[in-house]
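Take a look at the model first, then read on.

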Amino acid sequence: MNSDRIIVFFAELSTKGKNIMDFIRLLGRNIRSALKDFPSLGYEVKKDHIYILLNGTPYEDVRQRLTKVPGILSFSHAKAVERDIEAIKEEALSLYRESHAVSFKANCRRVDKEFPLHSDEVNRAIGGKILASCPGSRVDVHQPDLMIHVMIRKEGTFVYGIKEKGIGGYPLGIAGKGLMLISGGIDSPVAAYLMMKRGVKLEMVHFAAPPYTSDRVIDKIHDLLSVLNDYQEDIKLYVVPFTELEKKIYEVAGPSYCVTVMRRMMMRISCALAYRHNDLVLATGESIGQVASQTLYSVQVIEKACSLPMMRPLCTYDKTEIIDLAKKIGTYDISIRPYEDCCTIFTLKDPVTHPNLSKVEEIENSFDYASMVRDCVDNVKVEHISRSREEVF
């Protein structure tokens, strides 16, 4: 019997009814992909969990990868034992001794109803064994130092302790594909992470404005996407040459309306790219009221230039919450590198927070923005960022 394994438990998949096996199979494929560097692993996909057979692979190496796979609620390092109460008691005792815990609680889940003892009887047998074998040990049913889990199923009996927390959500790709506007600041990488967590596979679009923006901004984007590769192995990046259009916007719109018009042009370009590459939605790192272009009045005017649904996963987050999450996922220190993106290169005084749509349309009709938008779309540079390589096409 291969006794050393990981049991993976699902997040929200129990709500999916008849579609649950589609979710589980995709999660299984995503787990295999995340762990492809460990060829000795084996896999068994079940209806309410997945087994990963370690086959000599160190648990800690696998653990780090699993904490970043969307769709996993929790996972545990488990031992398979004989379908016998004495074998269960011995493994539970070994687990207790290895943990250096004082208090404990046994928690048996008896799925196989043909097993001769009920769950409470298994729990009492384990408790009696540990109390008799380990002076100073004690049972604590409320806040034990160690929870000893026993799962008795047709395919095997498993004993495990700590449940490692996953990131939850849905398996990546189950919700379809979207296009994320990424600037290089703090917000958009966090928003991208939240979209991935909800099962949306992302492509990215970045608006570059050389020579006003440094090549170091692109380096920063690459580094941010490399962090996000922990959650999505391969990410396609569209780099839009935005300099000429941005200069023209600043010329015709002036400082008050520049940001509003610029954001509308970004929406048009992003929509064109999304339609071309079969992305279902656009997504941004916007938070309500954080800057002038993110007031509800501005959002309403800007979004009228967009013909696709807009996702704003950070819309109700405050800046402190966003920073905390950026630190948690590892993007914060990269995002605060002092390289300006196209949204910050011009000094703007008193940007409008209640833009007038008629005024905006008057500004846009004063120049041939449609041809400039087409030029931006047609001259996009496409890059692929993955764990193992960066490719430019």
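In which loop is N278 found? N278 lies in the loop between α7 and β13 (281-283).

## Ground rules

This is a predicted model, so to speak of local features takes pLDDT of at least 70, and side-chain atom pairs count only at pLDDT 80 or more, while totals for chains, interfaces and linings use all residues. Residues are numbered from 1 along each chain as its sequence is written, and side-chain values use heavy atoms, with hydrogens and water left out.

## The chain overall

The protein chain has 12 helices and 16 strands. Those are DSSP runs numbered from the N terminus: H or I with at least four residues for helices, E with at least two for strands. Along the principal axes, the C-alpha atoms fill a box of roughly 85 × 40 × 40 Å.

Of the 393 residues, 52% are buried. Here buried is under 20% relative accessible area, exposed is over 50%, and partly exposed is in between, with a 1.4 Å probe and protein chains only. Take the contacts (heavy atoms within 4.5 Å) between residues at least 6 apart in sequence: 78% of them join residues at least 24 apart.

Most residues other than glycine have a negative phi, and most peptide bonds are trans. N278 has a positive phi of about 65° although it is not a glycine, and its 63% relative accessibility is why N278 counts as exposed. H100 also has a positive phi, about 60°, without being a glycine. H100 sits in the loop between α3 (85-99) and β5 (103-110), and at 72% relative accessibility H100 counts as exposed.

Then there is a cis peptide bond joining P210 and P211, with omega about 5°. P211 belongs to the loop between β11 (200-208) and α6.

## α9 and its neighbors

In helix α9 (residues 319-329), the buried residues include I322, I323, L325, A326 and I329. Seen down the α9 axis, the buried residues fall within an arc of 165°, so they line one face of the helix; the arc is that of the directions from the helix axis to the C-beta atoms. T320, K327 and K328 are exposed on the other side of α9. The cover over the buried residues includes α5 (187-197), α6 (215-228) and α10 (332-335).

How do α5 and α9 pack? Their axes come within 9 Å and cross at roughly 70°, which makes α5 roughly perpendicular to α9. The angle classes are: under 35 degrees roughly parallel, over 145 roughly antiparallel, 65 to 115 roughly perpendicular, the rest oblique. From α5, D187, P189, V190, Y193 and L194 meet K319, I322, L325, A326 and I329 of α9. That contact divides into eight nonpolar, no polar and two charged residues, where Ala, Val, Leu, Ile, Met, Phe, Trp, Tyr, Cys and Pro are nonpolar, Asp, Glu, Lys and Arg charged, and the others, Gly among them, polar.

## α7 against α12

Helix α7 (residues 243-276) and helix α12 (residues 369-378) have axes that come within 9 Å and cross at roughly 50°, so the two are oblique to each other. On the α7 side, the contact is made by E244, L245, K248, M265, R268, I269, A272, L273 and R276, and on the α12 side by Y369, M372, V373, C376, V377 and D378. Sorted by type, that contact has 10 nonpolar, no polar and five charged residues.

Note on methods
Axes are lines fitted to C-alpha atoms, for helices over the stretch in contact, and angles run from 0 to 180 degrees between N-to-C directions.
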